[in-house]
Amino acid sequence: MADNSTDIKFNENSFKKIEKHNVDEQEKISAPSLTFFQDAVRRLKKNKAAVISFWLLALIVVFSIISIWWTPSDPNAQHVAYANLPPKIANGQIPGFTGKANVGGRIVDKYAQAKVPSGTYYVLGTDYLGRDLFSRLMKGIALSLLIGFLATLFDLVIGVPYGVVSGWKGGRVDTLMQRFIEIISSIPNLVIVILMLLLFTPGLGSIVVAMGITGWITMARLVRAETLTLKTQEYVLAARTLGESPFKIAIKHLVPNLSSTIIIQTMFSIPTAIFFEAFLSFIGIGIPAPNASLGTLLSDGQKTFRFLPYQMWYPAAAISIIMIAFNLLADGLRDAFDPKTQE
Amino acid sequence: MANDSQATPKKLIEVKHLKQYFNAGRPNEVKAIDDISFDIYEGETFGLVGESGSGKSTTGRSIIRLYNPTSGEIKFYGEDISKIKHKDMLKFRREMQMIFQDPYASLNPRMKVKDIIAEGLDIHHLVKNDEERDARVNELLDLVGLSRDHATRYPHEFSGGQRQRIGIARALAVEPKFIIADEPISALDVSIQAQVVNLLRDIQKEQNLTYLFIAHDLSMVKYISDRIAVMHNGRLMELSTASEVYDHPLHPYTKSLLSAVPLPDPMYERNRHRKPYDDSIEHDGKERSLKEIVPGHFVLATDEEVSLYQASAEEYNEK
């Protein structure tokens, strides 16, 4: 350290007198006041994987919303003449999107073969009926996300109130409600879904209802367990001694303190629902043709995977990205909302 | 204090043969409170001491009707609280309030301080609009010695002592007559304990409150209480004025408790002998009830034991 730093001199002007009895001054908290959510967002921003996942999902959601009104071409329109065209962008300069395919050891320009006009190209190619795969993928992701969100809505609408009531009431009511849950959860999901699809016409509505009926159980159990610990908390007792009604206690004290559990469970159950729908469509009892979902795209793609791999790669990549992004985001949210669980 | 009010102090709380069993009738039955009776007079501070698990907190929670008693009755201003009708419940809730033990668990972490304090105001519709609400919250913050700036803060930004003062402000918001303080200082460090206890005393004088002060710290209870009851295994062992219990303990359990109190006196501490307590004397199958040994001094005893206790009370007098 330099020598001149040692000869600092203090005189009476170096100090400032503090007023003795100024409570406001002394007890002032200088840190900015953060709500619980602001604090959680601040912690979430430190988690790079979760932030990237969040923006990736935001992008996917934006694309899905756009697809409601606009897709590059009609996703269900068939052009049999243009069937099985490989991906091509603009003039075919970008590797992987050249519009050429390897047929029997020779590179062939499929677009020229099919006599596609020079201005027309399909970014992700076409399927066996000549439908534009990019448009179908946009629609498919949108439909899968919609199913995921709707199925999760059941979680919130049934699971959360069920769990809160079961935990809050306790005793015999709780026992009965929990036995009921056990009965429902003992029946395999797939059996319920197949029965539901027999009862109703296959389609978006029946899939959502079928998944909703079985999907809320985990949420209800988590919420009940959390409610059991919350209801013995002293601030809940304080609310009771003040004469707060049980409904108000649930709204003011329980749900805000359950919110992290609820959000995290929601983020985990959306990808589960998406995956389950894909599975149903893949085995052929999901979304009926000609509508596209990630499951039907994968199912169509795998039939010709050895010869036309691009028909499966892109839907497979899309579902993988969605699943990983949701799970990483959910992980990040859990750490952000519940700092205690972090190592 | 006027003489006539001292002669006939009004009974605020009457607890008669209160029993509170959990899981009654099942193998895991817990007799948290087993037949206790006592009165609390208006304006006094009634101290309830005992070791962990002796049923002190359960007594407090039964009185404020967080639990429904197994048997026995609790009267508040002469009215049995278990028979209060639903529509009168709100009024009862306003007159009796509680200060909780753990300042870290007694404030909802998702609510601002002003909403925590104003919770009672909202429930009982004590304020007409937001300005009035804010004004009342500020008044309460001043009363418990917190800054008005703190109203918009969240509980995690405060220390234990500050949080306890927020809890006190919440209880005072509804202008209660009777406050149950359930070990309000045991979670605080010693320098803050005195602050909170003195605050409670000042408020008591100002607003003519009655306290049930539950604690396990005998010296603190003696400091704040007018009368003290000693509780053990769900039963009252001894009940008398603070100085009587502290200076002339009769029941062996009270003597044992007092022998454990440390004093800041090295000479005393060097010679201090803890008196062990053998609770088998409670389990000899004989009927015991609170008996008045000397006027105003009750001890849990059989009829035969009364004379023994009277003899030991005599000894104190001779000294």
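**Figure 1. Pairing of strands S9 and S10 in chain B of the predicted model.** Strand S9 (residues 227–232) of chain B is joined to S10(B) by 6 bridges, and the two strands run antiparallel. Arg227(B) has Thr241(B) of S10(B) standing opposite. S9(B) and S10(B) form a hairpin, with 2 residues between the strands. In the turn of this hairpin, Asn233(B) adopts a positive phi of about 50°.

**Figure 2. Strand S10 of chain B and its pairing with S12(B).** Strand S10 (residues 235–241) of chain B is mostly covered, with 6 of its 7 residues buried. Besides the bridges to S9(B), S10(B) has 2 bridges to strand S12 (residues 297–301) of chain B. S10(B) and S12(B) also run antiparallel. Within this pair, Leu239(B) has Phe298(B) in S12(B) as its bridge partner.

**Figure 3. The contact between chain A and chain B.** Chain A contributes 21 residues to the contact, and chain B contributes 29 residues. On the side of chain A that touches chain B, the elements giving two or more residues are helix H1 (23–26), helix H9 (234–241) and helix H10 (246–282) of chain A. H9(A) supplies the largest share of this side, 7 residues. Sorted by class, the side of chain A that touches chain B comprises 9 nonpolar, 6 polar and 6 charged residues.

**Figure 4. Secondary structure and overall dimensions of chain A.** Chain A holds 12 helices and 2 strands. Along the sequence, these elements follow the pattern α-α-α-β-β-α-α-α-α-α-α-α-α-α. The radius of gyration of chain A is 29 Å, whereas the globule rule gives 20 Å for 343 residues; the chain is therefore more spread out than a compact globule. The C-alpha trace of chain A spans about 90 × 75 × 35 Å along its principal axes. Of the 343 residues of chain A, 36% count as buried. Among contacts in chain A with a separation of 6 or more, 72% are between residues 24 or more positions apart.

**Figure 5. The two domains of chain A.** Domain 1 of chain A consists of two segments, 53–75 and 129–341. Domain 2 of chain A covers 86–121. The C-alpha centres of domain 1 and domain 2 of chain A are 39 Å apart.

Definitions and conventions
Residues numbered from 1 in each chain as written. Chains lettered and ligands numbered in written order. Predicted model: local features only at pLDDT ≥ 70, side-chain atom pairs only at ≥ 80, totals over all residues. Contact = placed C-beta atoms within 7 Å. Helix = DSSP H or I, 4+ residues; strand = E, 2+ residues; numbered from the N terminus. Nonpolar A, V, L, I, M, F, W, Y, C, P; charged D, E, K, R; others polar. Domains from an automatic or database assignment. Buried ≥ 20, exposed ≤ 12 C-beta atoms within 10 Å, placed from the backbone. Pairing = 2+ DSSP bridges. Rg over C-alpha atoms; globule rule 2.2 N^0.38 Å.
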